[in-house]
Amino acid sequence: MSAQACLELGYVARAHGLRGEVAVKSFDPASETLGTVERVRLRLRSGEEREYALETFRPANKEDLVCFEGVESRTAAEALVGAKVFVYREDLEPPEEGEFFQGDLVGLNAVDEQGASLGTVEEVWATGEVPNLVIRAKGRPELVVPFADEFVPTVDVPAGRIVIRPPEYLEADGPEEPGDGG
């Protein structure tokens, strides 16, 4: 499976019940994607990948409950716990102009408005009204930036680049250390 063919949606959090149902935890709690596709690709903890057709889907409080075709027992469901869940890009509606799949943001080289490297977008946290980009670089503090126009003026997925305008408190010389007097 090529990285471009699929987007990572979440992971199998646990087995549910006795008949093979699993709970899938999506990275974006508001995502309804799993309810719109007919198949997924799982990457098991062993690294093995398998395609599964979705037999049933029902949203629950903090996760989605699904049955995959051929998974008919709790034991079979438990074997999937920890698997990463991917959806096929071709099964999704393309994003509108100025919108992006969150999975396409991971791996982008983050630079400031002057072009200086800030690191790589390693994760997207969807915990509030807007997702937060988690940018990491060796030897630098982790940078968490809201994915909003104010902080992210430019996204160029084909070029693998995202321009970041860090929040004010990070623009000086990095975050203040305790005892800096400030």
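This is a predicted model: local features need pLDDT of at least 70, side-chain atom pairs count only at pLDDT 80 or more; totals for chains, interfaces and linings use all residues.
Which residue takes a positive phi in the hairpin of strand 7 and strand 8? Hold that thought until point 3; a few notes on the rest come along with it.

1. First, the overall picture. The chain is built from three helices and 12 strands. Its C-alpha trace spans about 60 × 40 × 30 Å along the principal axes. There are 182 residues, and 36% of them count as buried. Among the contacts with a separation of 6 or more, 49% come from residues 24 or more positions apart.

2. Next, surface and charge. The accessible surface of the chain is about 11100 Å², with 47% of that belonging to carbon and sulfur atoms. On the charge side, you have 18 positive and 36 negative side chains. The centres of those two sets sit 9 Å apart.

3. Now back to the opening question. The residue is Gly115, with a phi near 95 degrees. The hairpin has five residues between its strands. Strand 7 covers residues 109-111 and strand 8 covers residues 117-125; the two run antiparallel and are joined by three bridges. If you want a place to start looking, Val111 stands opposite Ser117 in strand 8.

4. Strand 8 has another partner to look at. Strand 9 (residues 132-136) runs antiparallel to strand 8, with five bridges joining them. These two also form a hairpin, this one with six residues between the strands. Here Glu123 faces a residue of strand 9, standing opposite Val134.

5. On to the aromatics: searching the whole structure turns up three aromatic pairs. Take Tyr11 and Phe27: their ring centres are 6.4 Å apart and their planes are at 45 degrees, so this pair counts as tilted. Tyr11 belongs to strand 1 (residues 6-16), while Phe27 is in the loop between strand 2 (21-26) and strand 3 (39-43), so the pair ties together parts 16 residues apart in sequence. Tyr11 is partly exposed at 34% relative accessibility, and Phe27 is partly exposed at 37%.

6. Another of the pairs is Tyr52 with Phe68. With ring centres 5.3 Å apart and planes at 35 degrees, this pair is tilted. Tyr52 sits in strand 4 (residues 49-59) and Phe68 in strand 5 (residues 64-68), so here too the linked parts are 16 residues apart in sequence. Buried or exposed? Tyr52 is buried, with a relative accessible area of 10%, and Phe68 is buried at 1% relative accessibility.

Key
Residues are numbered from 1 along each chain as its sequence is written. Side-chain values use heavy atoms; hydrogens and water are left out. Helices (H or I, at least four residues) and strands (E, at least two) are DSSP runs, numbered from the N terminus. Buried means under 20% relative accessible area, exposed over 50%, partly exposed in between (1.4 Å probe, protein chains only). Contact means heavy atoms within 4.5 Å. Accessible areas come from the Shrake-Rupley method with a 1.4 Å probe; for residues, only the protein chains shown count as cover. Lys and Arg count as positive and Asp and Glu as negative; His and the chain ends are not counted. The place of a charge is taken as NZ of Lys, CZ of Arg, CG of Asp or CD of Glu. Two strands pair if DSSP finds at least two bridges between them. Rings of Phe, Tyr and Trp (its six-membered ring) pair if their centres lie within 6.5 Å; planes under 30 degrees apart count as stacked, over 60 as edge-to-face and the rest as tilted.
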